Amino acid sequence: MNQSRLLLGRPAMAALWQRRCYATIQQQQQQLQKKSLVRRIVSGAAMATLATTVTVGVGGTILYNTNDRFRHVGNALERCGIAGAVGAKVAYDYQRTLSKDYADEATFEEAKRACHQRCAERVLVAIQRLGGVYVKLGQHISVMQYLLPNEWCQTMRVLQDRCDPTSPDDIRELFLSDYGLPVEQVFEEFDYTPLGVASLAQVHRARLSKQSVQLLEQNEQWIDNEEDRWVAVKLQHPYLDDYCQLDMDTVSFIFEIVKRVFPDFGFDWFAEEMRESIPKELDFVHETQNARRVEANFAEERRRNNTSLVIPRVVWAKRRIMCMEFISGSRVDDLEYMKQHNIDPKQVSSELTRVFSEMIFLHGFVHCDPHPGNVFIRPAKNPKHSKHNFDLVLLDHGLYRDLSEDLRSNYAHLWTSLIKADEEGIRKYSYRVGGTDIYQLFACMLTGREWDKISKSDLSSIRESDEVGRISDGAMTYLVEVADILGKLPRPVLLLLKTNDLLRHVDEKLNKVADDRDTYVIMGFYCSKAVWLDTKKHIVERIKMIGFSFDLLKQLFSAWWQYKSLAYALWLYQLSAKWANRLNWIAKKQSKSNQLDTSSHNRIALEI
């Protein structure tokens with residue numbers, strides 16, 4: 001090898017070395033080119049990604065602020081995402097909590113209550129963020145103590161009063177789009193701070209302009225004096241038009257998914273009920289028709305001064321704006337307000353029971369959202385023409401239900417049986433009203449009381465917190481049976497359950513006297529009156545068909561006597577209560593006088 005190199009000579013060796021160096025340099029250059037290509041690809045991809053992000057971000061921002069459709073889609077996706085995420089978190093929390101092993105039953109119950117509270121708070125935060133239909137859903141949950149754990153009901157109670165208001169700019173736009181005139185032309189004064197904000201609407205105080213008054217006078221509508229120019233203006237939240245249908249679809253989808261995962265889940269009717277009710281509540285023209293109908297139903301009672309009910313008069317109404325009579329007052333559960341105006345809460349409770357008993361058992365046309373924010377109390381405007389020294393003002397007439405003649409009659413029979421603790425009657429009419437054989441559970445759901453209280457005819461006793469807790473726990477224990485009952489109930493009865501719960505809540509706040517039978521005596525009176533009127537109608541028709549018989553006369557007399565005996569019982573009870581109050585007032589006055597005399601004698605003795 002060394003010899004061959006020597007034979008090649010220096011020039012050949014140099015040439016060979018150059019070729020090897022050149023080859024090595026070429027390899028290095030190729031490697032550098034490959035690395036450079038990778039860097040360029042990575043760098044290019046990064047630049048492209050950055051450019052795309054910037055373009056999408058800037059473009060999306062521009063579209064969001066300039067394109068209504070794009071903004072609507074973006075907000076819709078966000079709302080669905082929030083609802084879906086919260087639903088998933090709640091489902092996971094329950095699955096994790098309920099699948100664990102616990103040392104004993106007490107530890108399990110504590111963990112379950114903590115889970116109820118956590119999940120309720122998560123849902124509440126989401127509802128307050130989303131607003132609208134979801135707030136309405138939360139309000140429904142807050143009164144479903146016959147069905148849901150107490151933690152859920154108590155947590156959702158805040159939604160009865162606390163909702164976000166619509167801005168002044170949105171109010172101006174709403175007037176221009178729906179009424180065709182700016183706010184300043186319709187009203188001489190308009191207070192943009194709302195008097196109250198609900199899930200679907202808010203109310204403002206305003207003073208009609210002279211132009212509006214002249215237009216009303218031409219149409220022969222009421223403006224009797226300057227005071228009548230002050231009105232309440234109810235405005236629907238404008239965003240509901242954009243998202244109401246979407247939100248209802250989302251709620252329905254969530255319920256459908258839960259139904260598929262848990263086949264025994266029987267609450268899909270809830271979404272269907274929302275689909276039927278909310279569109280009606282969002283139409284203020286429909287609400288106006290309801291208000292005028294219920295006012296006509298009580299017109300005779302008003303003429304005879306037999307009721308304290310007041311329905312605010314409607315000046316005009318559009319689909320999303322309503323202008324009505326302004327009535328000042330306070331919520332029906334404001335005990336301090338009643339004390340200031342010398343109004344007896346017990347009388348208010350009795351009058352509220354009387355009004356709704358007449359609606360349900362006689363008229364068959366029922367206001368189905370009587371929470372405390374929808375019932376106002378004020379000193380009687382015309383004391384000579386009012387039954388009491390107060391007026392009971394019923395607001396928000398968007399949600400009513402018509403009861404068929406059969407349902408109204410059977411419902412009256414059912415409540416008569418519940419008040420009398422007639423188990424056979426409860427069984428019979430529970431099936432006719434609710435289509436269920438589980439009459440004991442249905443009776444508990446209807447009254448909010450335990451079967452032990454119902455069977456002992458003890459509905460009028462005060463519900464203790466322990467009993468409420470046991471009812472909530474029982475609802476969870478018999479969840480499948482409860483769902484089965486609710487799934488079979490006619491839609492109007494579902495809303496009657498809600499109405500019962502709301503009225504019971506108000507009644508318990510106003511009536512703190514144990515063993516106060518006034519509420520159920522009044523209900524019993526109207527139930528018996530309904531049964532008497534229906535029986536009389538039925539027997540008269542039978543007599544026309546088959547002629548007179550002693551058995552028909554016996555049935556007629558029995559129904560009449562049941563009605564009259566309860567009427568006399570109510571009269572005697574109210575008379576005795578009136579005299580008891582009078583004697584109590586005299587005793588207090590005498591005691592106060594004796595205290596003053598004693599104080600005076602002591603002072604004289606000290607001076608001597």
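Tutor: Begin with pairing: two strands pair if DSSP finds at least two bridges between them. Strands here are DSSP runs of E with at least two residues, helices are runs of H or I with at least four residues, and both are numbered from the N terminus. Five bridges join β10 to β11, and these strands run antiparallel. The model is predicted, so local features need pLDDT of at least 70 and side-chain atom pairs count only at pLDDT 80 or more, while totals for chains, interfaces and linings use all residues. Residues are numbered from 1 along each chain as its sequence is written, and side-chain values use heavy atoms, with hydrogens and water left out.

Student: What is the order of the strands in the open sheet of four?

Tutor: The order is β5-β11-β10-β8, with mixed pairing. The edge strands, β5 (309–310) and β8 (330–331), each pair on one side only. β8 is joined to β10 (residues 375–379) by two bridges, and the two run antiparallel. Ser-330 stands opposite Ile-377 in β10, and Arg-331 has Phe-376 as its bridge partner in that strand. Toward β11, Val-375 is partnered by Leu-394.

Student: Which helix lies across β5, β10 and β11?

Tutor: Helix α14 (residues 345–363) does, running at about 45 degrees to β11 (390–394). The angle is taken between N-to-C directions, from 0 to 180 degrees, with axes as lines fitted to C-alpha atoms, for helices over the stretch in contact; contact means heavy atoms within 4.5 Å.

Student: Is His-371 buried or exposed?

Tutor: Buried means under 20% relative accessible area, exposed over 50%, and partly exposed in between (1.4 Å probe, protein chains only). His-371, in the loop between β9 (365–367) and β10, counts as buried because its relative accessibility is 8%. Its C-alpha is 5.5 Å from that of Leu-502, although the two are 131 residues apart in sequence.

Student: Which residues other than glycine have a positive phi?

Tutor: Among them are Asn-342, with phi near 55 degrees, and Ala-421, with phi near 60 degrees. Asn-342 lies in the loop between α13 (335–340) and α14 and is exposed, at 64% relative accessible area. Ala-421 sits in the loop between α15 (405–420) and α16 (423–434) and is partly exposed, at 22%.

Student: Where is Leu-583?

Tutor: Leu-583 is in helix α23 (residues 550–607). Leu-583 counts as exposed because its relative accessible area is 53%.
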